[in-house]
Amino acid sequence: MGATLRLLALGHLAPYLFTGQAAAQNITAIIANLEHYYAYGRSPPVYPSPQGTGLGDWATAYSYAKSLVANMTNGEKQNLTIGYTSTTNGCSGNSYPVPSVGYPGMCLNDAGNGLRGTDGTSGYPSALHVGASWNRDLTLARASYMGKEFKAKGVNMALGPVVGPIGRVGEGGRNWEGFSNDPYLAGTLTGLTVQGLQESVIACTKHFIAYDQETNRNPDGYNASVSSNLDDKTMHELYLWPFQDAVHAGTGSVMCSYNRINGSYACQNSKTMNGLLKTELGFQGLVVSDWGGQHTGVASANAGLDMAMPDSDYWLGNLTTAVANGSLAQSRLDDMAIRIIATWYKFNPEPNPGFGVPANLSLPHEFVNGRSLDSASTILQGAVEGHVLVKNTGALPLSAPPFLSIYGYDAYAALQNQEDSYAPDGFAKWNLGYESIANLTDDETVDFFAETVYPNGPASAQAGTLISGGGSGAVTAPYVIAPFDALRTQAVADGTFLQWDFENRNPAVDQATSACLVFINEFASEGYDRPALADTYSDQLVLNVAARCNNTIVSINNAGIRTVDAWIDNENITAVIFAHLPGQDSGTALVELLYGKQSFSGRLPYTVAKKPSDYGDLLEPTVPTNVSDYYTQSNFTEGVYIDYKSFIARNITPRYAFGYGLTYSNFSYSGLQVNKYSNASFSLLPANSSIQEGGLPSLWDYVASVSATVTNTGKVEAAEVAQLYLGIPTGPAKQLRGYSKELLAPNASATVTFLLSRRDLSVWDTTRQQWILQTGTYNVYVGKSVLDIQLQSTLTI
């Protein structure tokens, strides 16, 4: 029957079948057939939507919420669930107040890298930069300070952290908003970020789920959003994994994404929201739509959506009618309201939401400074540790060089750090991270941001240094210390002579120079997927300088994977740094490293290939075509085999492996020990008990540990990132299951211990619908990267 429907629904031929009114009617019928074929029967239905019960430390908040909601009318409950545009604040979104019970509403604001689009904010390192630091303590501290900043500005909910996209598509436009392409690394850092943010505000973990491309993310004409088609095992072992960490950490909110999952829109997908999130993971908070991500009314409510942003024609005035006619249960409307009130009350019951986020910065307003001087060292150290040194033939560290030459468009700060006109719609270069995009006006920004046709948009931002990517996850910095600013300050202290040329692609080079520093970037943004993993303009600039300078040092502020095959083997290129997205202290952090005040300690949270084609089918997004019949299908047939798991499985050697990074020292590994806990259960199935936040509690029980000794055998203090990989039976050859960052003085040693939970050793059984612990041999690898293994053993179950 499905094949027959599809033949009848030849959407790409529709305009040629009839003319005039008949053509319009025919297209409507064809689209209806397509909708029936592609949108139904592919994602299992899970109803009814589970009611929140106030698990764990939610009990007090639920008790309060139930007492408040009991005194509301259905109209007031309905209003709780709907966003609106405020005239008194500039929050990304607002939920309606209920004055009769003293509920003031909520301010929701971007994003996971800090408060965006207003004054009085800090420019934190972006999530990809944090992922490259592999530093748990810094991650928690960063989130804690960010949360305090949101709260100081009257924001109830911070719209982050991001774990989707996870980086399936190499050219994905929003990969930089997440921590890593690996679910374990992304999950641990996500959990810590939720924990830190929720010291002060609600964390909104996003985008749920399998949202891994910008192309065709939203409906466009007859084209529906792209459908991410994946199996249950892949869902659990890769895409759901970091969300499980977030729920276990107590995330107050989850944002459903724009895409479809197995044909059903994420914000009306009952399998993912009702089934995975609210039932299997025991999520107690509220599900909010991405902005404009709601496409149905009663269907989305029944599927588990609790709040629609930024508004909802589907729900406004209709939810009460739906309850009255029985298409929406009274208990479901009550649960939506209770989840919203409980989340607000538990984390940040701010009585004056959005008080520090002005609606229009061009009008008189009180300056509310959300920043704290206490955060300065965390922001700077976070910027330092996300830099990854991938090549160094002895050029670094610098030591009071007599003469330096500086080149490249990324060396200096953008010429503006404010809007042109402070338009109240919030779409301007300054508040979307587009300050460094040349020849883009504020008026053009809306179209630029909204475009989702691939390929589109610049590959590099050639009007100033890149401190973050673009879109809703961009940072709004109080200042920008660019590389040139910090180098100039250091030059004054050292008596170094500087020359620079930031304009020419083929600059002259004084042959007396000690070294040439070339600064380039690779831009990425929400709204479009990257046109390439490297741009020819920047590559040629590097080659031109290297042709005239035998000590060329390249620094790349890269918003995602950046290939370097065009010039990496050039013998005149002596050092290469992936500088990622450091935030406001970019230049200061880089000088700390270039001059050896600190050693590089970052490691790659992704794999860098020798050439783009090495990523295979996962290089580019899935694009709409005539044969896709208006319903673009992105088939995740690779399963869990993305990034390093794919490279290992296909026996492709990368340029730089996942977890790779150089320091100014050397480290040795010894004394590997594998310990299986005698009091742990190694039964096939986890102990059955009531679901708590994050799923079955027994999944989080520690059942084994791995330890080793790491020694600094070099001459300078430096940090090593010891990494644990497991070869789990029936799974990929290696999967990250632990890491430890240790700062060691010369000749000092530290014992690193990796605790392994039952979940860490398990695989998802699609028949039993449960995590199972297999019998057999588990290969244990400890090393410096996924390919640089220093110690090896086995664990037998």
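**Helix packing and domain layout**

In helix α8, the residues Pro183, Tyr184, Ala186, Gly187, Thr188, Thr190, Gly191 and Val194 meet Trp241, Pro242, Asp245 and Ala246 of helix α10, where contact means heavy atoms within 4.5 Å and helices (H or I, at least four residues) and strands (E, at least two) are DSSP runs numbered from the N terminus. By class, this contact of α8 with α10 has 7 nonpolar, 4 polar and 1 charged residues (Ala, Val, Leu, Ile, Met, Phe, Trp, Tyr, Cys and Pro are nonpolar, Asp, Glu, Lys and Arg charged, the others, Gly among them, polar). The model is predicted, with local features needing pLDDT of at least 70 and side-chain atom pairs pLDDT 80 or more, while totals for chains, interfaces and linings use all residues. Residues are numbered from 1 along each chain as its sequence is written, and side-chain values use heavy atoms, without hydrogens and water.

Helix α8 covers residues 183-197 and α10 covers residues 241-248, and the two pack at an angle of about 25 degrees with their axes 8 Å apart (axes are lines fitted to C-alpha atoms over the stretch in contact, and angles run from 0 to 180 degrees between N-to-C directions). This angle makes α8 roughly parallel to α10 (under 35 degrees is roughly parallel, over 145 roughly antiparallel, 65 to 115 roughly perpendicular, the rest oblique). The crossing of α8 and α10 is right-handed (the near helix is turned clockwise from the far one by less than a right angle).

Helix α10 also has a partner in α9, which spans residues 232-239, and these two helices pack at an angle of about 55 degrees with their axes 5 Å apart. That angle makes α9 oblique to α10. On the α9 side, Met235, His236, Glu237, Leu238 and Tyr239 take part, and they meet Trp241, Pro242 and Phe243 of α10. The residues of this contact of α9 with α10 divide into 6 nonpolar, 1 polar and 1 charged.

From α4, the residues Thr60, Ala61, Tyr62, Tyr64, Ala65, Lys66, Leu68 and Val69 meet Asp334, Ala337, Ile338, Arg339, Ile341, Ala342, Trp344, Tyr345 and Lys346 of α14. This contact of α4 with α14 is made up of 12 nonpolar, 1 polar and 4 charged residues.

The backbone has some points to inspect as well. The peptide bond from Tyr47 to Pro48 is cis, with omega near -5 degrees, and Pro48 lies in the loop between α3 (20-39) and α4 (59-69). The bond from Asp110 to Ala111 is also cis, with omega near -5 degrees, and Ala111 is found in the loop between β3 (106-109) and α6 (127-133). Asp643, although not a glycine, has a positive phi of about 50 degrees, and its place is in helix α20, residues 643-649.

On the scale of the whole chain, the assignment gives domain 1 (53-347), domain 2 (387-600) and domain 3 (665-796), with bounds from an automatic or database domain assignment. The centres of domain 2 and domain 3, taken over C-alpha atoms, are separated by 37 Å. UniProt, in an unreviewed entry, lists residues 720-786 as "domain: Fibronectin type III-like" (positions follow the numbering used here, feature names are shortened, and annotations may be inferred rather than shown by experiment). Over residues 720-786 the chain is 6% helix and 60% strand, and the end C-alpha atoms are 14 Å apart.
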